[in-house]
Amino acid sequence: MTMPRSLDHLVLPTASLHTARDRLMQLGFTVAPAGRHPFGTENTCVYFADGTFIEPLATGDETQARLAADEGNVFVARDRQFRARNGDEGFSALVLATGDADGDHAGFVRAGISAGKRLDFSRPFTDASGNTDMASFRLAFAAGKNAPDSFFFTCQRVNAPKVGRSALQAHENGVRRIAGVIAVSEEPQASGEFLSAVAGTQTPVASGGQIELQLANATVQCVTPATFEQISGQAAPQSTGLRLAAIIFGVQALAAIETVLRNNAVGHERIGRRVIVPAVAGQGTVFIFEEIA
């Protein structure tokens, strides 16, 4: 590939969409109405003006989800694997945008990083005014060797729902987009080879035991657990191999997010030019807020 892919969205497993919604609203996000997948999972997303979003994901129908996993649905199977190993709260998947999921799947198979068969599905999408349309997707999956606690996929939006998202993309905390993701690995440079293959980037930039990949619209850093603790003030998640550990949100001004957090009594810490919010139930990973131009 000659151009790096764009970040599409991030998947955050949670035990309860109600808990996730309350927590995200406490952080100053506007949260979309719940959506149901046709294979037993459900979500309540937070959308941003550049088209990216975060996807808190819960199990809505256990029987349906178990059957889907048994039938080879990689999305559900990997979600269930993550929960079995790490509990119901966390950060399980990084998703990249694509216009050709079929081609991606073939490429992942050739590279030896495919996580399983491709998936097509549709679900209703409801906007803030209650208008509904059908959204359709095509997914191609990848996973690193000896990395059971994270997975990656490309998402082709086959049918974009013709409903308004502008009200859902405005947030009290001033967040404008997802600026980056931080992953942890005992061997960041080795993990970087897999990440660059998935992201379509050149050899990642390495410095001081960490690597950084530049996507079209965000950055992906991979650092050691010790480095993660230094830069975030939080313990790195335990893992075998590569593990997604934090989301960096770009805000217009740190003052806006700090005001929201103080008003809602949300614990946080200012480290340099960043505001760090530790993971709790409904917010499965560390949130980092930093100012962007």
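Visitor: What makes up the open sheet, and in what order do its strands come?

Guide: In this predicted model, the open sheet has 8 strands in the order 11-12-13-10-14-17-16-15, and their pairing is mixed.

Visitor: Why are strand 11 and strand 15 said to stand at the edges?

Guide: Strand 11 (205–207) and strand 15 (269–271) each have a single partner strand, so one side of each is left without a neighbour in the sheet. From one strand to the next, the twist averages 25°.

Visitor: How do you know that strand 10 and strand 13 pair?

Guide: Pairing takes at least two bridges, and strand 10 (residues 175–184) and strand 13 (residues 219–223) have 5 bridges, in the parallel sense. Val-181 stands opposite Val-220 of strand 13.

Visitor: And strand 1, with strand 6: what makes them a pair?

Guide: The same cut-off of at least two bridges applies; strand 1 and strand 6 (residues 93–97) are joined by 4 bridges and run antiparallel. There, Leu-7 has Leu-96 as its bridge partner. Strand 1 also pairs with strand 5, in the parallel sense over 5 bridges, and Val-11 stands opposite Glu-55 in strand 5.

Visitor: Why is strand 1 called largely enclosed?

Guide: Buried means under 20% relative accessible area. In strand 1 (residues 7–13), 7 of the 7 residues are buried, so the strand is largely enclosed by the rest of the structure.

Visitor: Turning to helix 2, why are its buried residues said to line one face?

Guide: The buried residues of helix 2 (residues 62–70) include Ala-65, Ala-68 and Ala-69. Seen down the helix axis, the buried residues fall within an arc of 100°, so they line one face. On the other side, Thr-63 and Asp-70 are exposed. The cover over the buried residues includes strand 5 (53–59) and helix 3 (74–86).

Visitor: How do you know that Asp-61 caps helix 2?

Guide: A polar contact needs N or O atoms within 3.5 Å. A side-chain oxygen of Asp-61 lies 3.2 Å from the backbone nitrogen of Thr-63, at the N-terminal end of helix 2. Just after the helix, Gly-72 takes a positive phi of about 100°.

Visitor: What makes Phe-249 stand out in the largest nonpolar core?

Guide: That core has 47 residues, and Phe-249 is among those with the most contacts inside it, along with Phe-29, Ile-54, Phe-287 and Phe-289. Leaving aside neighbours within four places in sequence, the contacts of Phe-249 include Phe-48, Val-175 and Ile-178. A second, separate core of 26 residues includes Ala-32, Ala-68, Val-76 and Phe-151.

Technical notes:
Residues numbered from 1 in each chain as written. Predicted model: local features only at pLDDT ≥ 70, side-chain atom pairs only at ≥ 80, totals over all residues. Heavy atoms only, no water. Buried < 20%, exposed > 50% of the residue type's maximum accessible area, 1.4 Å probe, protein only. Helix = DSSP H or I, 4+ residues; strand = E, 2+ residues; numbered from the N terminus. Arc of directions from axis to C-beta. Contact = heavy atoms within 4.5 Å. Polar contact = N/O pair within 3.5 Å; in protein donor to acceptor, adjacent residues only side chain to side chain. Core = buried A, V, L, I, M, F, W, Y, C linked by side-chain atoms within 4.5 Å. Axes fitted to C-alpha atoms, helices over the stretch in contact; angles between N-to-C directions.
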